[in-house]
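Work through the exercises below with the structure open beside you. Try each task before reading its solution.

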Amino acid sequence: MTKARFEIAFEGDPFDDGEIDVRDLAPTLLAFGNVVQAANKALNGDRADARLKVAATDQGSFVAALTMDVGWLTDMLDAVNAHPQRVVAADKLMDLLIKAGGIVSGGAVGLFTAIKVLRGKRPEKVEPLGDGTTQITINHTTFVVDDRTVALLQDLPTREAVEDLGAKAARVDGLDSLRIGVDSGGFDAVRLSRSDLQALKVPPEPDEPDTEVTHRDAWLKIVSVHFRDGYKWRFSDGGERAFTAEMEDADFQNKVQEGLVTLNANDAIRCRLREEQSLSASSLLKIVYVEEVLEYRPGARQMSLL
């Protein structure tokens, strides 16, 4: 079993006496415990179990001293002893989470700092450097993370746990910032301001549609015709409902506009259709295009019998 000791501090005027409402403290610490467990699961899988424990408290704002245990499962002890590099120990796991590093000066940063910089958005560029680290760029800002931090950034349970931590901490009245870690030895702790807490959200899935294009020839009955921009022709293919389509055959449109072809209800055209069906995360959309009119057939006209 390995252990790591660190601090979480609630900074702000209401906490200067070293006190905090347990209704504010408990949800935040539980949420941080979920972050630790999700990150451990992402990196160690079922090979190790991580637990967060309250060790003590200090005065000056409100500081919770915590320990994190990463315990190897009994049936994995032999494998761990033979290959210790396969399990991320407690101190390394915490380092991957809270290492501040340097955005400008260089040095790998931890998960919280990376998410703080990304602010709920997807990076513009992700470039593995081949030395166990990866370079990430967003909004002209470039920083470096451990490759294992990249795994945490891509792990949905971990990201959801971080988002929940931000939501829980943001509910604490009077909180100016949440400090994770200790400022010492030239290393800065991670500080999350109230605006940072609200930006710890999981970025939305890219809504890039998957488009399928099909072609077919068909007879269509004309329901209505429009020549104004933005209006589509309306057709029936014999089904229960009429549908709209974009008329792309410019020659046929010109004949209609010049009076060479007079369209009436129930007229029919045999045409070449292109159907584009787009499936995205939020919708399923189909657009029909009339690429070419192959044949025009007038419908029955009313006859005068008297």
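**Exercise 1. Confidence**

The mean pLDDT of the chain is 81, and 81% of its residues reach 70 or more. Here pLDDT is the predictor's confidence in each residue, from 0 to 100. The model is predicted: local features need pLDDT of at least 70, side-chain atom pairs count only at pLDDT 80 or more, and totals for chains, interfaces and linings use all residues. Residues are numbered from 1 along each chain as its sequence is written, and side-chain values use heavy atoms, with hydrogens and water left out.

Task: find which elements have the lowest and the highest mean pLDDT.

Solution. 
- Helices (H or I, at least four residues) and strands (E, at least two) are DSSP runs, numbered from the N terminus.
- Helix α2 (residues 77–82) has the lowest mean pLDDT among the elements, 40.
- Helix α6 (residues 156–170) has the highest, 93.
- Over residues 72–85 the pLDDT is below 50. Beyond near neighbours in sequence, that stretch has 14 contacts in the model. A contact means heavy atoms within 4.5 Å.

**Exercise 2. Two helices**

Task: describe how α1 and α3 cross.

Solution. 
- Two packed helices are described by the angle between their axes and the distance between the axes.
- Axes are lines fitted to C-alpha atoms, for helices over the stretch in contact; angles run from 0 to 180 degrees between N-to-C directions.
- The axes of α1 (residues 22–44) and α3 (residues 90–98) come within 11 Å and cross at roughly 110°.
- That makes α1 roughly perpendicular to α3 (under 35 degrees is roughly parallel, over 145 roughly antiparallel, 65 to 115 roughly perpendicular, the rest oblique).
- Phe32, Val35 and Val36 are among the α1 residues that meet α3, where the residues met include Leu93 and Met94.

**Exercise 3. Buried or exposed?**

Task: classify Ala48, Arg119 and His140 by accessibility.

Solution. 
- Buried means under 20% relative accessible area, exposed over 50%, partly exposed in between (1.4 Å probe, protein chains only).
- Ala48 sits in strand β2 (residues 48–59). Its relative accessibility is 7%, so Ala48 is buried.
- Arg119 belongs to the loop between α4 and β5. At 37%, Arg119 is partly exposed. Its phi is positive, about 50°, although Arg119 is not a glycine.
- His140 is in the loop between β6 and β7. At 82%, His140 is exposed. Its phi is also positive, near 65°.

**Exercise 4. The barrel**

Task: trace the strands of the closed barrel.

Solution. 
- The five strands run β10-β11-β12-β14-β13, with mixed pairing.
- The twist averages 50° from one strand to the next.
- β10 (residues 210–224) and β11 (residues 233–236) pair in the antiparallel sense over three bridges.
- Lys221 has Ser236 in β11 as its bridge partner.

How values were computed. Two strands pair if DSSP finds at least two bridges between them.
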